[in-house]
Amino acid sequence: MLGFVFSISVFFTAIAPHLICRALADEVTCSGIVPMKYRNDKISITDFGGVGDGRTLNTKAFREAIYRIEHLKRNGGTLLYVPPGVYLTESFNLTSRMTLYLARDAVIKASQDIRHWPLIAPLPSYGRGREHPGGRYMSFIHGDGLHDVIITGENGTIDGQGGVWWNMWRQGTLQFTRPNLIELMHSSNIIISNVIFKNSPFWNIHPVYCSNVVIRYLTILAPADSPNTDGIDPDSSCHVCIEDSYISTGDDLVAVKSGWDEYGIAYGRPSRDITVRRVTGSSPFAGIAVGSETSGGVENVLAEHINLYNTGFGIHLKTNVGRGGIIRNITVSNVYMKNVRNGIKIAGDVGDHPDDKFDPDALPVVKDVTVKNVWGVRVEQPGSIQGLRNSPFTGICLCNVNIGSGGTGPRKSPWRCSDVSGGAVKVSPWPCSQLTTTRQAGACTIPF
């Protein structure tokens with residue numbers, strides 16, 4: 001016990017000069033919305049019978065350790081230490097005022113025996129499981145109604161062992177929606193940092209109905225052909241900070257969401273005040289995305305200093321008829337993309353519906369979107385912005401955007417635009433006429 005306490009003390013001592021140097025360099029960060037906390041009370045998973053041999057099932061140990069944290073309520077909360085080793089476990093719930101701390105070479109690995117995997121109710125803003133009607137499998141690491149939760153360490157690993165779930169999806173044998181790797185609901189003051197996440201069954205990190213969330217210094221990995229393994233999906237959440245992470249998965253790296261069709265409209269909780277900064281990655285789908293589930297609305301999103309390689313879409317804002325909701329005040333800047341199929345796509349015809357009860361007259365509103373300081377190399381199509389005839393996209397601004405093909409032959413297709421208005425300044429190749437007239441140039445009023 002004293003050994004791991006000493007190890008953590010040394011870790012904090014070792015990183016302190018690094019943190020001070022970064023602060024002195026005045027690196028822009030939003031992480032101050034949730035300060036990191038030091039817990040005086042510390043316990044180890046081995047105190048509760050945890051065995052890191054990769055074979056012993058540690059579900060009882062995790063649940064008992066967290067029960068102790070929840071019910072003893074030590075002043076300042078408790079740190080649960082996971083030492084080096086591979087700890088196989090079924091899903092478990094976190095509690096408030098706790099830190100889950102993974103040592104270097106510690107691995108928390110999900111059991112592949114799904115017979116006892118808990119089912120929980122669908123999210124009210126979705127009305128059903130995202131993949132199937134009815135309930136859904138609980139996330140591997142879960143929390144509901146929590147505050148002051150930290151998941152961190154020395155770049156230990158949380159491994160969802162998603163292969164069994166991906167195969168069930170491919171074979172069409174799933175009865176319920178697959179589990180996320182981590183989902184926190186109705187929770188606040190959350191930090192997730194310095195951890196490797198890999199092989200999620202479904203979405204990796206899903207804060208939903210949350211506020212004050214900091215996600216930093218993560219590595220998130222899944223094979224490019226793994227279905228729906230989104231990296232980070234803030235959903236009907238506010239004051240979210242995502243920074244300094246590498247993500248390579250089978251779906252969108254970061255996707256901001258807020259509910260699905262009539263259920264999201266009725267729940268009415270937007271995602272807002274979200275920052276995504278210094279994220280690098282690759283995906284067959286999007287690098288930075290909004291949607292397509294945006295029925296509660298999405299506003300005040302800033303994504304900057306993004307590096308994307310081998311992606312399907314660099315920037316993708318997506319919604320659909322029946323979604324409703326307002327997407328506004330979205331800024332994406334300082335983006336480098338290479339080997340990308342479609343550089344910028346803003347579309348009103350993307351995404352499926354939960355059922356046939358959606359309202360076809362519930363049209364989304366997309367307005368005040370700025371994309372600036374973008375450099376692309378080997379991009380097949382520079383972009384497409386296609387609004388809805390009865391709800392055109394307005395205030396779309398492109399500033400200092402250079403998206404080149406980088407190849408020896410001609411680009412496969414030019415810009416495609418319809419039902420959109422806005423402005424364009426210093427854009428190459430020159431975009432569609434709807435963004436370039438003198439009357440519309442005033443849309444680009446944000447300094448760049």
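The charged end of Arg-341 sits over the ring of Phe-313, 5.0 Å from its centre. A charge counts as over a ring if NZ of Lys or CZ of Arg is within 6 Å of the ring centre and within 35 degrees of the ring normal. Arg-130 likewise lies over the face of Trp-260, at 3.9 Å from the ring centre.

Please note that this is a predicted model, in which local features need pLDDT of at least 70 and side-chain atom pairs count only at pLDDT 80 or more, while totals for chains, interfaces and linings use all residues. Residues are numbered from 1 along each chain as its sequence is written, and side-chain values use heavy atoms, with hydrogens and water left out.

I turn to the aromatic rings. Rings of Phe, Tyr and Trp (its six-membered ring) pair if their centres lie within 6.5 Å; planes under 30 degrees apart count as stacked, over 60 as edge-to-face and the rest as tilted. By this rule there are eleven aromatic pairs. One of them joins Phe-92 and Phe-140, edge-to-face, at 6.1 Å centre to centre with 70° between the planes. Both Phe-92 and Phe-140 are buried, a term for under 20% relative accessible area, with exposed over 50% and partly exposed in between (1.4 Å probe, protein chains only).

Why is the pair of Trp-117 and Trp-165 edge-to-face? The ring centres of Trp-117 and Trp-165 are 5.3 Å apart and their planes stand at 80°, so the pair is edge-to-face. Trp-117 counts as buried because its relative accessibility is 7%, and Trp-165 because its value is 0%.

Finally, Phe-62, Phe-92, Trp-117, Tyr-137, Phe-140, Trp-165 and Phe-176 form one aromatic cluster.
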